[in-house]
Amino acid sequence: MNDNNKFYNIITYGCQMNEHDSEKLAGMLENMGYQATNSLDKADIILLNTCIIRENAELKVYGKLGSLKPLKEKKKDLIIGIGGCMMQHDEAVDEIYKKYQHVDLIFGTHNIHHLPDLIEEISKNRNRLVEVWDEEEGLIPDLPARRDGDYTAWVSIIQGCDNFCTYCIVPYVRGRERSRSISAIVTEVKKLVEDGVKEITLLGQNVNSYGKDLSEKENFAELLKELDKIENLFRIRFMTSHPRDFSLEIVDTISKSTKICEQFHLPVQSGSDKLLKAMNRGYTRSYYLKLIESIKEKMPEAAISTDFIVGFPGETEKDFQATLSLVKECSFDMAYTFIYSPRKGTPAARKEDQIKDNVKKERLERLMNLQNEISYLQNKKLIGTKQEIFITGESKNNSQRLEGRTRGNKLVFIDKTPDLIGRLVEVKILEAKSWTLDGKLSKIIK
Ligand code: SAH
Ligand code: SF4
Ligand code: F3S
């Protein structure tokens, strides 16, 4: 098909892995001749890429699906497709197939490469299709992605998760861990660099598991070393690191590299040993504290962020206090805080000692207030320092300013000079807020 007047719109929920999958869906649609549009009215194909990590992610999807019905009534040829993690759960698939008759296509996380065939079939036969696989079959081709940023790109290095934290649905919807080979990843990154990309973020639910299913030589530290050699690449980031599998060898590799950023996302979830055990996280509070201490010792400038769940079944005020005290001890630069959401099929959802909603909300608020203060203090420490910033474009809220990020991934604004976009510069930090910094250009690095 090569009809130049056909448009698509993709609505994405969930994590960076889903965002990256959406880039691949977009890449395939563009190869089929579709163009991107922000307008749902104009679109000939609308895809929802869903997330099932917490209940509110699901509710958003149902709300959105409902709102698409009138569009389909106006435009009979419109193709509405829904894919992503929610579609790996039978119940959601049944519900959507039965109750949302305006949905033409349901697909899963393991068969996104089939999208072109599925769409062709629907366009030809105007039938409704459901194609969800339990796991990947055969060799999955590397798919062309349509990137959002000109200078930054995501690169998937490992799919799936084998950890089975007791609250989490990801292992059920994303399948077992599968690593891509170092050579496939290096080839992809080199190509991205040829296209002008200067900063890559390596993605995986647990990047430290990278290579466990490959040959002995292929592990995460080795991958980082190979990527570090690529010329004209400015920066390498990665996420997420599981504290249990995090090796100090990685810290060593990073300290020897100029490209790999000193940024660590190490989700701790709770400060209470009792809860860490019940969550099946595989580490203790003191192990985690020591890990953070040794990172800071080797790399004082490292930026460390984390995730917390409040209101896990059985969480007492004392357990929650242990979380608050861990927050104080670690001085995180940033934390993502979540209210525990029971997910059907996971062990924690079957527990009897679920926490009441009002208690969960109140704890979330206390945790957020504390972390906001600490994030602000961490940012304030940077005032007066000079930071390496990679300028990626105009500020979203002020076209007179440019934005970029520090090596620790903090957002910084400076006055606009158009020729700085895509450059690595040094900026003197003048002002700090909880989430952003303001600064002044001091020199261009490259
Ligand atoms: N693989 C990453 C996290 C992926 S999910 C890791 O293990 O660190 C992102 C975050 O969502 C988790 O770190 C956790 O804090 C949160 N989360 C996962 N399941 C949840 C649930 N059922 N309820 C609330 N938060 C949840
Ligand atoms: Fe979920 Fe745990 Fe896997 Fe992270 S490591 S995706 S929280 S099961
Ligand atoms: Fe990500 Fe949500 Fe799936 S967090 S892996 S999109 S369940």
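**View 1. Residues around ligand 3 in the predicted model.** The shell, taken as residues with a heavy atom within 4 Å of the ligand, consists of Gly14, Cys15, Asn18, Cys51, Ile52, Ile53, Cys85, Arg174 and Gln205. By class, five residues around ligand 3 are nonpolar, three polar and one charged, where Ala, Val, Leu, Ile, Met, Phe, Trp, Tyr, Cys and Pro count as nonpolar, Asp, Glu, Lys and Arg as charged, and the others, Gly among them, as polar. This is a predicted model, in which local features need pLDDT of at least 70 and side-chain atom pairs count only at pLDDT 80 or more, whereas totals for chains, interfaces and linings use all residues. Residues are numbered from 1 along each chain as its sequence is written, chains are lettered from A and ligands numbered from 1 in the order in which they are written, and side-chain values use heavy atoms, with hydrogens and water left out.

**View 2. The parallel pairing of strands S13 and S14.** Strand S13 (residues 303-310) runs parallel to strand S14 (residues 334-339), and six bridges join them; strands are DSSP runs of E with at least two residues, helices runs of H or I with at least four, both numbered from the N terminus, and two strands pair if DSSP finds at least two bridges between them. Within this pairing, Thr306 stands opposite Ala335 in S14.

**View 3. The domains at the second largest pocket.** Because domain 1 (7-131) and domain 2 (152-380) both give residues to its lining, the second largest pocket lies between them, the domain bounds coming from an automatic or database domain assignment. Its lining has eleven nonpolar, eight polar and 13 charged residues.
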